[in-house]
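Here's a quick tour of how the inside of this protein is put together. Have the model open and follow along.

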Amino acid sequence: EELTKRNVKFRSLGDMADGICMVKNGVRVSSFSDTKLNGAVTLSCPAAVKVDDWLRKIKPKNITHNGSYNCRTQRNNNIISEHSFGQAIDIVSINGAVVASDWRKETPKGQILEHAHQAACDVFSNTIGPDDNSLHAEHFHLDIGWGFGCTLKPIKQLLNRHMR
C-alpha cells in the first residue's frame, strides 16, 4: 500500500525462497516515485520503501544500480549478504555522477555523490562505499539489515588506518 501511495511502479512477488535465502514480501520495482532505474530491482517491500525515502531526499532523475536481490555470501567472508534477503541495493551512479570516477572529487558530480552518501547514512542501517574498503570502490552498498548507519564509521576508519 505504501509503495502504491508513493507512485512507485512495482509488481508484488510475495514471499520468495531460494535455499537458505528468503525475501519476505518481495517486490519488483521498475521505477521509484520520481526516479528512473537502469533496470528493475527485486527488494523486500520495507527495503523498497527505504530506497524511495532516500531517493525523495536526494531527488535524482536517474540512478544506475548493479544489483539488489542475489542469494550469496559476502565477498570477503561466509556471512550471508543482505542482498540474499532483498534488503540491499548497490548504486553505481546518480544523475551521471559515477562512484568509481567522481567520488571525493570537488566537482558538481562529486557533490551529488557526497550529498547522496550523507542522505543514505540517515536512511539505511549500512552505507558502504569507497572509503570503507576496496570491494566497494565502484559503488555504494545500501542496506536495511543490522547495523549502525554511519555512526561508527570514524572509529572504523581510524582503526583501519592503524592496522595497515
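**Ground rules**

Buried means under 20% relative accessible area, exposed over 50%, and partly exposed in between, with a 1.4 Å probe and protein chains only. This is a predicted model, where local features need pLDDT of at least 70, side-chain atom pairs count only at pLDDT 80 or more, and totals for chains, interfaces and linings use all residues. Residues are numbered from 1 along each chain as its sequence is written, and side-chain values use heavy atoms, leaving out hydrogens and water.

**The core**

A nonpolar core here is a set of buried Ala, Val, Leu, Ile, Met, Phe, Trp, Tyr and Cys residues joined through side-chain atoms within 4.5 Å. The largest one has 32 residues, and Phe-32, Trp-54 and Ile-94 touch the most other members. Elements giving two or more residues include strand 2 (21-31), helix 2 (45-58) and helix 4 (108-123); helix 2 gives the most, with 8 residues. (Helices, H or I of at least four residues, and strands, E of at least two, are DSSP runs numbered from the N terminus.)

Take Phe-32: leaving aside residues up to four places away in sequence, its contacts (heavy atoms within 4.5 Å) include Val-8, Leu-43 and Leu-55.

**Aromatic pairs**

Rings of Phe, Tyr and Trp (its six-membered ring) pair if their centres lie within 6.5 Å; planes under 30 degrees apart are stacked, over 60 edge-to-face, and the rest tilted. That gives 2 aromatic pairs. Trp-54 and Phe-124 sit edge-to-face, 6.1 Å centre to centre with 70° between the planes. They are 70 residues apart, with Trp-54 in helix 2, and both are buried.
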